[in-house]
Every structure is written in structure tokens, then in C-alpha cells.
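Ready for a few exercises on how helices pack together? Have a look at the structure, try each task yourself, and then follow the solution.

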Amino acid sequence: MNPDRQARAIRLGPRSIAALVLVSLAGIAAFGWPLLAGSTSGLAHSKDAPWLFAALLPLLLAVVMATIADTGLDAKAVAMLGVLAAAGAALRPLGAGTAGIEPMFFLMVLSGRVLGPGFGFVLGSVSMFASALLTGGVGPWMPFQMLAMGWVAMGAGLLPGPDRLRGRREILMLAGYGAVASLLYGTVMNLQGWPYISSLASGISFVPGDPLPANLARFTAYCLATSLGWDLPRAVVTITATLALGPTLLKALRRATRRAAFNAPVGFEEAG
């Protein structure tokens with residue numbers, strides 16, 4: 001039997017799927033609601049919407065609890081979650097976001113690939129939470145970062161061929177996904193702050209109540225003018241790290257997962 005073949009550490013059950021769908025829908029609404037706010041609503045430029053930011057954190061925790069209740073995060077899985085989350089949190093300050101150098105992305109992608117989408121979402125969220133505590137980056141943006149990183153790792157777990165695709169083709173697929181995910185992460189995170197910045201030039205600023213296509217055009221211009229210089233290096237770093245370290249790390253993760261035998265049935269026998 002191929003030593004790389006193994007069951008996913010944590011399978012998605014009905015409650016964890018429902019929790020993931022709920023938190024994803026809430027996250028989409030939280031990221032995109034200003035685009036649909038009317039010009040007289042007062043919501044688009046409101047700076048006192050703590051309920052919106054605070055609502056995400058309990059939902060993210062609900063995913064963790066549903067995964068534990070639904071699929072059985074045993075002690076070994078929790079230990080691996082802690083180790084990988086600590087590694088991800090430790091990698092992030094190495095670049096501190098400077099020029100888009102964020103090496104934690106490739107680890108989230110590879111871990112999500114091996115351990116599955118449910119584990120990946122929890123890992124991405126917990127890693128970003130631990131990183132925020134480590135770097136002092138706690139603020140209203142933190143739940144959004146947790147959600148976005150959870151999507152990055154979950155998406156890697158949903159890629160095709162988890163039990164069949166191996167070797168160079170798998171590494172190239174993961175590198176390509178990591179590049180796209182790195183760019184999309186920056187784009188999505190721009191939505192968190194862009195509507196609240198009032199000092200931008202008229203060509204890239206958010207205009208509450210304007211038609212959606214007009215605001216999306218300004219948002220595209222805003223991303224090209226401000227964040228592309230960070231997003232592209234992040235994608236390059238993710239590609240480089242995946243190509244250089246991916247084969248070794250994938251083997252190590254699969255070996256650790258296979259030896260841990262997550263959720264293996266436990267039996268008790270009388271002593272002979």
C-alpha cells in the first residue's frame with residue numbers, strides 16, 4: 001500500500017458542515033454589507049459597529065465546537081492542531097507582513113491539504129488568533145483575518161485528488177492554489193477596511209449608495225493602487241516555499257497523521 005495514502009484526520013459531519021456554511025455566509029455578509037448600504041442609512045461610514053465585528057468570533061468558535069462534537073477531535077488531533085497553529089503563529093512574525101513576506105500561508109495550504117477542510121478551517125482560524133496575540137495585532141480586523149485564513153486552509157482541503165494525486169503534479173497544484181489564495185486573501189481583507197477610509201482620492205474611495213458596479217470599479221482601482229505590492233510578493237513567497245519545502249513537509253504531515261491514527265476505534269481486552 002502506498003504509504004502516503006491515509007484517511008483524512010477529521011471528516012466533515014452534518015453539524016460541522018452547517019457551522020461552516022453559517023460562518024461563511026455571515027462572513028460574506030460582514031465583508032460585503034457596506035457595498036449594499038444606502039446613502040442615507042448611515043451604515044456605510046459608521047465607525048461604531050462593534051456588533052458586526054464581535055459576532056464573527058463566536059461563530060468561528062462554533063465551528064470548533066461543532067467539529068469536536070460532530071467528528072471527534074481526539075487528544076491526538078487537538079495536539080497536532082496546537083503544534084501546527086503554534087508553528088503558523090511563529091512563522092507570521094518572520095516577515096511581519098513586510099512587502100507581503102508572510103511564510104505562514106504555505107504551511108496553512110499544505111496542512112489543509114493533508115488534514116482535510118474541516119481541520120484546515122479550524123487550523124487557519126486558530127493560527128491567526130494565536131498570531132494576533134503573539135504580535136499584538138488584536139483589533140476589529142482580527143475576526144476577519146481568522147475567517148479569511150480559515151477559508152484559505154479549508155480551500156486547500158477541498159482540492160481534488162487528496163488520496164490519489166502525488167508527486168510533482170500535486171506540488172504544482174498546491175503552489176498554484178497558494179498563489180491564488182494569497183492574492184484573494186489580500187483582496188478580501190481590503191473589503192474589511194476600505195469602506196471606512198475617508199481620506200482616499202475620489203477615484204478609489206467608497207461612495208455609499210452608489211451602484212454596485214461603480215463601487216466595485218473603485219475597489220478594483222483601490223486594490224491595484226494600494227495592496228498589490230503586498231499581495232504579489234505574498235504569492236511569490238508562497239509559491240517558492242511550497243515548491244522548495246512542500247514535498248518534505250507533505251511527507252512529514254502524512255506520516256504523522258498515519259502514525260497518530262486519528263479516530264481509530266479503541267477496544268479493551270481482559271488481561272490474559
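**Exercise 1. Work out how helix 4 passes helix 5, and which residues make the contact.**

Step 1: on the helix 4 side, the touching residues (heavy atoms within 4.5 Å) are Met-104, Met-108, Ser-111, Gly-112 and Leu-115. Helix 5 brings Pro-117, Phe-119, Gly-120, Leu-123, Gly-124, Ser-127 and Met-128.

Step 2: sort these residues, and you get seven nonpolar, five polar and no charged.

Step 3: now the geometry. Helix 4 covers residues 104–115 and helix 5 covers residues 117–135, and they pack at about 155 degrees with axes 7 Å apart. Helix 4 and helix 5 are therefore roughly antiparallel (angles over 145 degrees).

A word on the source: this is a predicted model, where local features need pLDDT of at least 70 and side-chain atom pairs count only at pLDDT 80 or more, while totals for chains, interfaces and linings use all residues. Residues are numbered from 1 along each chain as its sequence is written, and side-chain values use heavy atoms, leaving out hydrogens and water.

**Exercise 2. Now describe how helix 4 packs with helix 7.**

Step 1: helix 7 spans residues 168–193, and its angle with helix 4 is about 125 degrees, with the axes 10 Å apart.

Step 2: helix 4 and helix 7 are therefore oblique (here, between 115 and 145 degrees; 35 to 65 also counts). Their crossing is right-handed.

Step 3: Phe-105, Val-109, Leu-110 and Arg-113 of helix 4 meet Glu-170, Met-173, Leu-174, Tyr-177, Gly-178, Ser-182 and Tyr-185 of helix 7. That contact divides into seven nonpolar, two polar and two charged residues.

**Exercise 3. Find the residues with the most contacts inside the largest nonpolar core, then list what Met-149 touches.**

Step 1: leaving aside residues up to four places away in sequence, Met-149 touches Met-104, Phe-105, Met-108, Gly-124, Met-128 and Tyr-185.

**Exercise 4. How far apart are Leu-212 and Leu-36, in sequence and in space?**

They are 176 residues apart in sequence and 7.2 Å apart in space, C-alpha to C-alpha. Leu-212 sits in helix 8, residues 212–226.

Note on methods: A nonpolar core is a set of buried Ala, Val, Leu, Ile, Met, Phe, Trp, Tyr and Cys residues joined through side-chain atoms within 4.5 Å. Buried means under 20% relative accessible area, exposed over 50%, partly exposed in between (1.4 Å probe, protein chains only). Axes are lines fitted to C-alpha atoms, for helices over the stretch in contact, and angles run from 0 to 180 degrees between N-to-C directions. Helices (H or I, at least four residues) and strands (E, at least two) are DSSP runs, numbered from the N terminus. A crossing is left-handed if the near helix is turned anticlockwise from the far one by less than a right angle, and right-handed if clockwise. Ala, Val, Leu, Ile, Met, Phe, Trp, Tyr, Cys and Pro count as nonpolar, Asp, Glu, Lys and Arg as charged, and the others, Gly among them, as polar.
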